[in-house]
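This report describes selected features of one protein chain. Please keep the sequence and the structure in view while reading.

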Amino acid sequence: MAKRVNEIIIFVFVALFSKAIGAKPYWRTRWPIDRVSTECLTWQLAVEANNVRGWRIVPAHCLSHIEAYMTGGQYEQDVDYIVEQIESYVSELVVGEDGMDAWILDIDDTCLSNVIYYKKKKYGCEPYDPMAFKAWAMKGECPAIPGVLGLFSKLVKNGFKVFLITGRDEETLAPSTIANLHDQGFIGYERLTFRSPAYKGKSAVVYKSEIRKQIMEEGYRIWGNVGDQWTDLQGDCLGNRTFKLPNPMYCVP
């Protein structure tokens, strides 16, 4: 009994003492914190959750954080994890015999990576440069994103029709993009759609919505839609499920 009373006294004393010194909640650590790093992590989370919209550049003080994320292995790990979720979903689907089961994939930083280009642009800390990006894309040197290439191959092998929809300009970037995709192993897709003159001036959401609508009007069933931009995954005719890949380097409004 005396032991129990002593335990209660000690407990009350600790509780009162903690309150008196303003102890932090139990889930907060007392380890030293890199405030810049945590601020940039918070910004990145807000961007990926679509709580920060229409942003133009990465905050300058976040350069090192974004560089480490994109080149230090975490980006690849995040993409691979999302691909695992997609493949788990795909395993539950039954492909029909009519050949009308479809998936939609974006190209830039979904199928093909532009990290090499954005390294020269301080990983998005510099404003978007359309002429410089066009020159880069015309080289046809974008490497495949390994996890997405593997997903693409499995979709095609399992009988899905894969439609690639890109915001790249049809008149100037079609030849180099087609060759780039082929060289990187993206072979066997059903159709590749570029932004034609008819869609110039239209937002990404409107443009891609109209293309998806056309696909569905042809009788295809869109089971999934994968992109790195929220504008890839908004609008009409999205399909049964959407999957957002990480991209803290730029935002397509």
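**The disulfide**

In this predicted model, the torsion about the S-S bond of Cys40 and Cys62 is about -90°, so the disulfide is left-handed. The two sulfur atoms lie 2.1 Å apart. This pair links distant parts of the chain: Cys40 belongs to helix H2 (residues 35-48), while Cys62, 22 residues apart from it, is in the loop between H2 and helix H3 (63-71). Cys40 is buried, with a relative accessible area of 0%, and Cys62 is buried at 1%.

**Other cysteines**

The count of disulfides comes to one. The sulfur of Cys125 has its closest cysteine sulfur in Cys62, at 7.3 Å; because a disulfide requires sulfur atoms within 2.5 Å, this separation is too far for a bond. Cys125 is buried at 13% relative accessibility, whereas Cys251, at 21%, counts as partly exposed.

**Helix H9**

Just after the helix, Gly219 takes a positive phi of about 105°.

**Val226 in strand S4**

Val226 is located in strand S4 (residues 221-227) and is buried, with a relative accessible area of 1%. Beyond its neighbours within four places in sequence, Val226 contacts several residues, among them Ile86, Trp103, Asp106 and Phe243. Val226 and Asp106 are 120 residues apart along the chain, yet their C-alpha atoms are separated by 6.4 Å.

Key
Residues numbered from 1 in each chain as written. Predicted model: local features only at pLDDT ≥ 70, side-chain atom pairs only at ≥ 80, totals over all residues. Heavy atoms only, no water. Helix = DSSP H or I, 4+ residues; strand = E, 2+ residues; numbered from the N terminus. Buried < 20%, exposed > 50% of the residue type's maximum accessible area, 1.4 Å probe, protein only. Contact = heavy atoms within 4.5 Å.
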